[in-house]
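Reader: I'd like to learn how to read a protein model, one feature after another. Could you walk me through this one?

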Amino acid sequence: MSEYMLEIQNVDAFYGPIQALRNVSMNVTEGQIVTLIGANGAGKSTLLMTIFGSPRAAKGTIKFQGKDITHIPMHEVGRLGIAQAPEGRRIFPSMSVEENLLMGMMPIGEAHMEEDRAKMFAMFPRLQERRNQRAGTLSGGEQQMLAIARALMSRPKLLLLDEPSLGLAPLIVKQILNSLKDIAAQGVTIFLVEQNANHALRLADRGYVLVNGEIRLSGTGAELLANPEVRDAYLGGH
């Protein structure tokens, strides 16, 4: 068994003729929060989607707990214990909060439905208050809570989060990111893609910087926060 939960080795990926990822290599250690930062269009979301096979890696390998998942079908990736809360939330707007949570259980079935739903309501009390409300009528912050909770309903070993703070008020961002600490403390490994580099690096055990589809820098969260290049490019120079 590899020492890493997720290993990405020399991966290239394309959207049609456009190369989005170039020779990307990075690792996610079990039990950690690992973050990927970079500018808009750097390829961060593409990397998360490539883990699930859409787009497929044109070159290189992706391994999860030592198993090569580079070319397996998307639904099988979910069954292995990987869940994603995608950019833009993508909840089911016409369904209730509770129905959205149940959709998250599809990879594993409903054996733990009561227990896990109670856990999600304890973690995000606002969702319990709105359990019968149509998801499309929730605020942006509530929808993000729902997207994370829905992903957790599949009991993932690895949670992929794509821009969870996007478009949210600062207070809500703080609540969402604090919830990630709680999730990690419960034994879920987190791979976080986040444009808000300051918040992400303070939260992360380890970080990577993606520039034009290539990994440019890596280190602990603290090391990258202190790196002058990172500070100038992503932290406003302070």
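Reader: In the hairpin of β1 and β2, which residue takes a positive phi?

Author: That's G16, with a phi near 60°, in a hairpin that has two residues between its strands. Keep in mind that this is a predicted model: local features need pLDDT of at least 70, side-chain atom pairs count only at pLDDT 80 or more, and totals for chains, interfaces and linings use all residues. Residues are numbered from 1 along each chain as its sequence is written, and side-chain values use heavy atoms, leaving out hydrogens and water.

Reader: How many bridges join β1 to β2?

Author: First the terms: strands (E, at least two residues) and helices (H or I, at least four) are DSSP runs numbered from the N terminus, and two strands pair if DSSP finds at least two bridges between them. Here seven bridges join β1 (residues 6-15) to β2 (residues 18-28), and the two run antiparallel. Along that pairing, E7 stands opposite N27 in β2, and A13 stands opposite L21 in β2.

Reader: What about the other neighbour of β1?

Author: That's β4 (residues 57-64), joined to β1 by six bridges, again antiparallel. A13 turns up here too, opposite A57 in β4.

Reader: What is the strand order of the open sheet?

Author: Its four strands go β2-β1-β4-β5, with antiparallel pairing. β2 and β5 (67-68) are at the edges with a single partner strand each, so one side of each has no neighbour in the sheet. As for side chains, in a regular strand they alternate between the two faces of the sheet.

Reader: How do I read a salt bridge?

Author: Side chains of opposite charge can pair when their charged atoms come close. The rule asks for a side-chain nitrogen of Lys or Arg within 4 Å of a carboxyl oxygen of Asp or Glu, and it counts 11 salt bridges here. One of them links E114 and R117, whose closest N and O atoms are 2.6 Å apart. Both residues sit in helix α4 (residues 113-123), three residues apart, about one turn of the helix.

Reader: Which parts is the protein chain divided into?

Author: An automatic or database assignment sets the domain bounds: domain 1 is 4-81 + 156-234, and domain 2 is 92-155.

Reader: How much area is buried between domain 1 and domain 2?

Author: Buried area is the accessible area (1.4 Å probe) that two parts lose on being put together, summed over both. For these domains it's about 1,100 Å², and carbon and sulfur atoms give 78% of that. In domain 1, P156, I176 and I183 lose the most area to domain 2, together 38% of what that side buries.

Reader: How many salt bridges cross that interface?

Author: The rule finds zero between domain 1 and domain 2.
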